[in-house]
Amino acid sequence: MLMTKKSLVATVAVAASAMLLSACSSSDDSPTTTSAAPTTDTPAATTTLTVWVDAERADALAAVASDYEAATGIKVDIVSRDNATMKDDFMQQAGTGSGPDVVMGAHDWLGELTTNGVVAPVELGDSAANYLQVAVDAANYEGTVYMLPYGVENLAVLRNADLVAEPATSFDDMIAKGNAAGVEYPFIVQQGADGDPYHLYPFQTAFGAPVFGRDESGAYDPSQLELGNGAQFATWLASQGVNGTNIISTEITGDIATDKFLTGQAAFWLTGPWNVKAAVDAGINVVVDRIPSPTGDPAQPFAGVKGFFVNQYSQNKVAANDFLVNYLGTADVQKALYASGGVLPALKAAADEIASDPLVKGFKDAGEDAVPMPAIPEMGQVWQFWGVAEAQILNGADPVATWEKLTQDVQTAISGS
Amino acid sequence: MTVRDKAPVTTRTGPLLFKIVMLALVDAGALFAMSILVTKGSYVAFTIMLLATVGINAIYLSKRALPAKYITPGVIFLAVFQVFVIGYTVYIAFTNYSTGHIISKGQAIEALLSQSQSRLPDSAQYPVTVVRDGSDLGFLVTSADGTALVGFADEPLHKVEASYDGAGKAVATSGTTTLSFGDILAVQQDVFDLAIPVSDSAADGTLRTQDGRSAFIYVSDLHYDAATDTLTNTATGVVYTDGGRGSFVDSDGNEILPGWQVAVGWHNFTSALSETSILGPLLRVIVWTLVFATLSVVLTFGLGLGISLLFDQRGMRGRTLYRIIMVLPYAFPAFLGALIWAGMLSKSFGFINQVLLGGAAVPWLTDPTMAKVAVLLVNLWLGFPYMFLVTTGALQAVPEEAVEAARMDGARPWQVMRYVKMPLVLVSTAPILISSFAFNFNNFNIIYLVTGGGPRDVSASIPVGHTDILISLVYKVAFTGQQRDYGLASAFSILIFILVATISIISFRKTKTLEEID
């Protein structure tokens with residue numbers, strides 16, 4: 001039988017599918033584990049740690065990892081992953097023994113990761129005192145620490161100092177100063193059709209209505225839903241919406257808010273450290289202020305804490321913990337991570353050093369009021385109703401009734417789950 | 001085969017050699033895959049792989065089996081990309097694979113026990129040296145006052161004479177070998193799992209190390225008894241047993257997570273159809289899905305056919321240019337198109353309202369009805385060029401004689417259209433209309449990219465929007481938020497499959513009768 005064109009194609013196809021089969025069935029051939037036979041004379045260099053990190057920080061970590069290898073003989077394989085799918089991929093692969101030893105993530109993953117049983121506790125020991133309190137609080141889930149924190153992010157107010165010279169003392173003062181500057185938007189904050197409760201939370205807490213209460217250890221308690229105290233906040237929010245000043249609008253998305261501030265059309269911008277670089281690059285004379293409160297109480301933003309987790313099913317847990325606690329927890333490494341991502345280090349020593357930069361110091365000061373974003377699974381039930389209700393209030397719905405329905409919906413969802 | 005007719009017998013060695021090389025490559029790849037499968041212990045996959053490889057070799061080395069040579073590659077692709085995926089979806093639909101149930105039972109017990117370990121309050125941090133006595137590993141720790149203590153798994157911590165390093169850390173004691181950090185790494189799993197009793201009383205806790213450098217005293221209030229398969233909370237006395245649904249439950253039915261993955265029979269299907277909080281919105285979404293898919297097909301086909309009729313006029317100038325312009329939306333990446341439309345439809349900042357409608361505030365994406373109109377319009381823009389191409393081809397295939405004959409019989413243009421062209425066009429495009437319906441029934445991309453399913457239906461107690469179709473509802477229920485339920489999602493997918501398959505079968509039957517009449 002001759003080789004015709006079609007059977008050539010066929011053979012190539014078979015080859016391809018054979019490769020594909022092998023790729024499917026052996027997706028776990030990455031060198032995660034090499035804990036050799038338990039003999040004392042095995043060279044330590046055979047230990048390889050696989051670490052998943054987001055693309056932004058891969059290069060910085062690869063550089064510090066080679067220092068770690070030189071010091072301990074443990075090879076660290078930094079794998080750059082897409083941040084959007086990293087958590088799901090990790091949860092699916094951890095149990096099969098093919099996941100990484102260490103994964104980078106955020107503290108609000110903790111509820112899901114521990115419920116799925118894929119992360120191991122990390123003992124910070126006495127070094128816990130070296131971290132910012134909010135970082136240690138966030139790394140703690142139901143009394144156990146699961147994360148080595150490396151960065152803390154929170155919102156603050158960016159001020160265009162060419163328009164407004166002095167920081168605002170209160171929310172009303174901010175609007176007055178912004179209006180005096182003669183720009184179209186005295187104050188801008190991103191929302192969207194479905195609202196954005198994360199960016200409104202500082203104002204909500206100023207009215208004494210956090211989502212959950214905290215128990216004596218500082219952990220969020222799902223049985224203490226304090227969202228319902230927010231009637232006053234809802235009324236205030238309505239006064240900022242379409243039927244009031246229209247300063248906070250669901251029409252303003254993140255892109256629009258960014259554009260207005262960068263083009264000098266907004267005096268104050270409530271946003272996070274991730275937008276500072278863009279503002280500086282755009283030539284805006286940026287100053288970072290604490291968030292002005294609409295009441296006498298402090299406006300407390302959510303703090304998001306970034307860190308590293310250890311895979312519960314890693315075969316290299318001693319090496320992984322050593323890498324985390326004794327290496328990633330040092331000031332030099334935390335500063336290197338700051339340099340690549342611009343997130344305030346969680347280690348006090350590194351944070352203090354970097355805070356010589358006034359922009360960083362601004363966020364650090366604003367972060368003193370910050371509270372960790374709840375990582376408990378019940379928070380998921382809050383998110384799905386929260387933003388939509390706030391958007392409705394901004395667009396003219398009855399504030400108190402809408403807020404009551406929100407509280408009820410969340411309560412029902414929590415007790416039903 | 002044409003090659004056989006043309007090629008003389010003597011030149012056959014070249015292609016034969018090529019075939020052997022290609023087969024060798026396939027076999028080499030398969031062997032590599034099989035060696036990995038064996039080391040991973042995946043014997044089922046190994047057997048399938050082995051049989052497939054033997055089969056492929058037999059088919060291509062045989063002098064007969066000509067049909068098989070053509071069919072095999074297709075069958076392999078079908079198996080890998082269709083049969084396996086469908087089979088796996090069905091399998092998942094009958095399990096409780098969801099948040100809290102993704103690992104095995106053994107792993108869940110391991111995770112529960114490890115999560116229950118907590119550091120004894122106000123206890124010290126001990127610098128630790130890992131030592132070996134014969135085959136036993138032990139910890140040599142230095143307490144705050146400088147005394148050295150040693151312990152093994154079966155030998156509680158006790159004072160010992162030791163030698164110290166410059167920093168005052170006990171590093172060696174007689175009768176044991178000190179392990180370097182490199183030595184520890186070689187046995188790190190044993191070191192990590194080692195728990196040394198602090199005293200004879202279990203209540204005093206155990207000494208453990210996580211990094212091989214510092215040790216801490218841990219207490220645990222959870223105990224697993226393998227004989228009875230129960231977990232006991234030693235602090236409260238509550239006993240947890242395997243509840244049969246992939247988790248440990250107490251006597252009141254309260255479960256503790258993590259749990260594990262088990263088969264749950266028809267549970268996912270019954271809960272999808274019996275829970276009123278899901279069923280109400282589900283029925284509304286099904287109606288909209290049918291409306292969306294039907295209107296999408298009717299509108300795109302209508303517009304496409306209309307334009308192709310327009311351009312069917314012979315002698316029209318610049319016909320090719322017009323056709324190219326009409327096909328442009330089809331050449332444009334659909335993802336990009338949908339996203340750009342979403343931006344253009346924004347109420348206060350979008351191009352449509354600001355420029356085309358002179359500042360009108362039409363709530364394209366935020367009003368329930370307008371959002372449905374917007375989604376249909378965008379889908380029309382994306383979909384009509386395809387229908388235009390298909391109907392242009394079908395119109396050109398209408399035999400000129402038939403049209404000519406109709407004209408000779410005195411038919412007016414409209415009658416030619418209605419009684420000659422349309423039936424012929426419909427017969428050849430009907431299968432495309434059915435597949436277009438099936439495609440739009442599951443057209444996740446356009447919904448997700450244009451409206452995201454919104455605006456939200458605030459009266460529903462699950463996160464569903466007014467423009468959500470079935471597949472985007474499934475996505476929202478199963479893949480967003482912190483409570484994922486892959487099992488339920490798979491069950492939904494199977495229900496959708498049954499719906500689409502039923503509608504398609506009925507439609508194909510209908511078109512068959514159409515052909516017969518014709």
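Predicted model: local features only at pLDDT ≥ 70, side-chain atom pairs only at ≥ 80, totals over all residues.
Local features were taken only at pLDDT of at least 70, and side-chain atom pairs count only at pLDDT 80 or more, while totals for chains, interfaces and linings use all residues. Residues are numbered from 1 along each chain as its sequence is written, and chains are lettered from A and ligands numbered from 1 in the order in which they are written.

Chain A divides into domain 1 (45–153 + 304–372) and domain 2 (154–302 + 374–416). Such bounds come from an automatic or database domain assignment. The C-alpha centres of domain 1 and domain 2 of chain A are 28 Å apart. Domain 1 of chain A gives 26 residues to the contact, and domain 2 of chain A gives 23 residues. Two residues are in contact if their C-beta atoms, placed from the backbone, lie within 7 Å. On the side of domain 1 of chain A that touches domain 2 of chain A, two or more residues each come from helix 4 (110–115), strand 5 (140–141), strand 7 (148–154) and helix 14 (358–367) of chain A. Helices (H or I, at least four residues) and strands (E, at least two) are DSSP runs, numbered from the N terminus. Helix 14 of chain A gives the most to this side, with six residues. By class, this side of domain 1 of chain A has ten nonpolar, nine polar and seven charged residues. Here Ala, Val, Leu, Ile, Met, Phe, Trp, Tyr, Cys and Pro count as nonpolar, Asp, Glu, Lys and Arg as charged, and the others, Gly among them, as polar.

Chain A also holds an open sheet of four strands, in the order 9-12-8-13, with mixed pairing. Strand 9 (185–189) and strand 13 (286–289) of chain A are the edges; each has a single partner strand, so one side of each lacks a neighbour in the sheet. The twist from one strand to the next averages 25°. Strands pair if DSSP finds at least two bridges between them. Strand 8 (residues 156–160) and strand 13 of chain A are antiparallel and share four bridges. Within this pair, A:N160 is bridged to A:V286 of strand 13. Helix 6 (residues 171–180) of chain A lies across strand 9 and strand 12 (266–271) of chain A, at about 125° to strand 9. Helix 9 (residues 254–262) of chain A packs on the sheet and touches strand 8, strand 9 and strand 12 of chain A, its direction making about 145° with that of strand 9. Axes are lines fitted to C-alpha atoms, for helices over the stretch in contact, and angles run from 0 to 180 degrees between N-to-C directions.

Chain B has three assigned parts: domain 1 (2–93), domain 2 (105–220) and domain 3 (273–517). The C-alpha centres of domain 1 and domain 3 of chain B lie 39 Å apart. Their contact takes four residues from domain 1 of chain B and six residues from domain 3 of chain B. The domain 1 side of this contact has three nonpolar, one polar and no charged residues.

An open, antiparallel sheet of five strands in chain B has the order 12-13-14-15-16. Its edges are strand 12 and strand 16 (255–256) of chain B, each with a single partner strand, so one side of each is left without a neighbour in the sheet. Strand 12 (residues 222–225) and strand 13 (residues 230–233) of chain B are antiparallel and joined by four bridges. B:Y224 has B:L231 of strand 13 as its bridge partner. Four residues lie between the strands of this hairpin, where B:D229 takes a positive phi near 55°. Helix 5 (residues 105–116) of chain B lies across strand 12, strand 13 and strand 16 of chain B, at about 150° to strand 12.

Helix 9 (residues 276–310) of chain B packs against two other helices. Its axis comes within 6 Å of that of helix 13 (residues 368–397) of chain B, and the two cross at roughly 50°. Helix 9 and helix 13 of chain B are therefore oblique to each other. Angles under 35 degrees count as roughly parallel, over 145 as roughly antiparallel, 65 to 115 as roughly perpendicular and the rest as oblique. The crossing of helix 9 and helix 13 of chain B is right-handed. A crossing is right-handed if the near helix is turned clockwise from the far one by less than a right angle, and left-handed if anticlockwise. The residues of this contact are twelve nonpolar, eight polar and no charged. With helix 15 (residues 413–441) of chain B, helix 9 of chain B packs at about 135°, the axes 9 Å apart.
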